Each structure stands twice: as structure tokens, then as C-alpha cells.
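Visitor: Please show me the model, and then take me through a few of its local features.

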Amino acid sequence: MSRLSIAAGALLVLCSGSAMAQTASEGIERYRQMIAEGNPAELFEAKGEDIWKQKRGPKKISLEQCDLGMGPGAVVGAYAQLPRYFKDADRVMDLETRLVYCMVNLQGIAEADAKKNPYSTPERPSDMESLVSFVTAESKGLKMNVALSHQKERDMYQIGEKMFYFRGGPHDFACATCHGEDAKRIRLQDLPNLTNQKDAQRAYTTWPAYRVSQGTVRTFQWRLFDCFRQQRFPALEFTSDAAIALTTFLAKNANGGTLAAPALKR
Amino acid sequence: MSIKSVTFLVIPAATLLLTACVTSLSEDDAQQRAISMMKSSFKAEGQASLDRLNQDNVQTTCSKYRPGEAIPKEVADKIEKAQFASIQYPAKLMGDWKAGERVAQIGTGFQFSDGPTAPVGANCYACHRMSKDEISYGTIGPSLYQFGKLRGTSQPIQQYTYGKIYNSNAFSACSSMPRFGHSKILTEAQMADLTALLLDPASPVNQ
């Protein structure tokens, strides 16, 4: 914690007086670097590993035989290749959707129960956030490599691209309104252009992330859910096809980027 | 059949087959599948009902273009003409710039997380530089600093300013800016207050 408070102090100094010339985003970047070694996401990774190995559900089986796309039980590198097509489910799936699939089909947990708590509140922690932290951390340092080798993966990419430009709601917003041009920002927040490879890599490889402002790890599906909230759309359903299509589009655009998730964000 | 004519038949067939292996959806198919997939992937929450996914003509057309991409002239003309016709001007176009400044700062309204009594703002600063003192501004839209100082407060300028807030697409087809009056986001009084914020010589925008 002392490292956190030193970093917070450093941030205050950066934002005052003579240091004002330095942009706020540079200050935040330095703050991130200073506490990166002490990312609280590590607690979620450890808890997620415990949950992964626990015998759970009516079948009293762990998730250790869950096939994340590289064979049963193979976790290292799996996140770097998701979303992908799974023959057993005949569906393109992202990480969260696949975890739900394994809970249902391997452990015998009811689908509604497996999906009911994807985003934690301060009173109600989420196993999903911990599991996602564990699995993604096992791909840290590896390069994003979404192959789109199956026709259904290519279809999802194309459909996801269309969704990215879909304008709707009372405000006419699309994902592209904020994330379709270089070097834009909302207030002081820099916005990645998710159609530009460099920005897409930087953004995608740092999700999921421990959000300091929320005190928890947020998953990529949460990121999409919260973007749509701000777009004034209705609520994106967890593990829905639209979430997977958009994730396929964004993950593929980030190919070649080195995974650094779970990262640390404001 | 000669060898030559067989070759002529086989090569195009093989090319067709190869193309089929990496086939992609047509633009229309991808768009239709995206729309139907979205309709089955969202649920109504709070004030955000599913009809928000039903696009009007402007939204449908503008979804075909990237932000900043030039819209073909005939497409833009058609949108601008139809959207311009929908603008309703109040008797008094300029309200109170101080009230306008509050509306420009507020970022809530219409999100499913906003309660029914949450204030509805225009959130101008999210995208525009407006004044010298507010340094927390975004850059999706152009700077509006000194908007009125550069243009004056003549009746046509007041009408243009109010009209642009009411329906941005009447002047710039597929603008990223919400159609605040057309889509009933802001009240007449709020839009008049914003017009004053932009035009009143006493407003911080014009200092």
C-alpha cells in the first residue's frame, strides 16, 4: 500500500504548479508504471486459480479439464487466440462465454447460475472476474493471435465491424463516434482509435484491468457493456452474440500486440 | 472437347472454388445480421428500452460511413434538406448563458444508469473546447472558443446556432453531434441557454 500512496503523491505533484505543462495523460501513464508491480489484480488472479482448481457444481469437477481452445486444461496462451470457433458448441466464443460453457457442461452448473454475476459490486464479488484474471494472466507477454481460420470466425469479425459503426439511440452514437479517429479525447481522457492497429493493440492487450476507481477487475465484456451504457443503448447481455462479434473484431485488430492483462487503469 | 477449352473451363472454376473457401458476407448480409444479432443481444434496462436499437433513416445511412469520411454530395444534400425542415425555432432564440454553462457541463441523461429525475445535460465540454478557463475539454468536435466573438449576434447567426444545436445533421450530414432538439434530448429553454452561452458577449466562451 505504501507504494500506492507514494505514487498517488507523485501524481499530485505532477498535476500541480510547474509540472502542469506535462499532460494529464502522461502523468497517469507514469502513475500506472509506478504501481504496476503492485497491481491488486494479482489477488484476483490467485483467487481465480483457486476457483479454477476447486471441485464445484453438481458433478464436483474442477475446471482443469476445460478446453479453452488449446485442448483440455491448456491455459497458457489460450487468451491470446480468443475469440475462436468451438466445434463442441458450434459457436464462436470469447473467454467469458467459454468459461460459462465449461461451468455448464463440465461442472453441471445451471446456465442461469453460471451467468448471473459477471460484474461485481462492492457487496457481491464475482467469481467470473477472478477466473478471467487467472486465465488472461497466463497469456501475459504473449502476442495476440486471433486466426479467423473458420468461416464462422470470419463472419463474426465482419458482423462485429458493422456493429462498430452502428449508429443508434437518442444520441446517434456508435462505437466509432469515440473510437474511430486518431488522437481524440473526451474531456481529458485519451480515446484509442480501435480501427488503427497500434491503438487497438494498446487498448485490447490491457483488458481485463483492475480499475482503481471501482476497486475490482473488470472484464472485456464489462468494457463493452459500459461503453453501450454511455452510448445510451439498452444493456448488452452477458455472453451474447453481439458481445462476441464485437470482441472478435477488436481482438483481431489487436493481433501482434503483446498481452499485458490484467492491467491497471484509473 | 479440346484440351484448350477444358483448361479454359477448369481455371475459372478453380478460381471460383478458391474464392468460395474464403468467402465473405456481402455488405448487406453483414449489416442485416449485425442488426438482428444486436436485437437479440440487448435487454431493456431502466429508461433504455429496446426500441433504441431501431434506427431512423439518418442513423441507417450514416452507419455506412466512417467518422470524418466524406459523405457523397447527393446523400448529404438529401439528409441536410430533410433534417433542416424539421427544425422548430422558439420565439426567443437566446436565453441565459449562465444556465447554458451548467447544461454544457452536465454529462448525465438518457443512460440506463440515470434515474428518471437525473439531470439531462448537453455535455458540450466532453467534445468541444468552449472557454479559456475550462481546461478539461475533449477534441471530438471543433473548438467553439470565441464562437460568438467571431460571428456576432445577428438574427441569422442566432438561428444558425440554435438550429445547429437542435439538429446538427441539418448543416452537416452524419455529424457526430447528437440532434438535441430533433431527438428531444434537451428542452427549448436549454437550447436557448446554450445559444446564449455561445453567442452572448458576456459568456466565458467569448472572453
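Guide: A:Pro208 sits in the loop between α9 (197–204) and β5 of chain A, where helices (H or I, at least four residues) and strands (E, at least two) are DSSP runs numbered from the N terminus. This is a predicted model in which local features need pLDDT of at least 70, side-chain atom pairs count only at pLDDT 80 or more, and totals for chains, interfaces and linings use all residues. Residues are numbered from 1 along each chain as its sequence is written, while chains are lettered from A and ligands numbered from 1 in the order in which they are written.

Visitor: What is the peptide bond from A:Trp207 to A:Pro208, cis or trans?

Guide: Most peptide bonds are trans. For the bond from A:Trp207 to A:Pro208, omega is near -5 degrees, and the bond is cis.

Visitor: Is A:Asp172 buried or exposed?

Guide: A:Asp172 belongs to the loop between α7 (151–164) and α8 (175–179) of chain A, and its phi is positive, near 65 degrees. A residue is buried if 20 or more other C-beta atoms, placed from the backbone, lie within 10 Å of its own, exposed if 12 or fewer, and partly exposed in between. A:Asp172 has 26 C-beta neighbours inside 10 Å, so it counts as buried.

Visitor: And A:Lys60, buried or exposed?

Guide: A:Lys60 is in the loop between α3 and β1 (84–86) of chain A, with a positive phi of about 50 degrees. With 10 other C-beta atoms within 10 Å, A:Lys60 is exposed.
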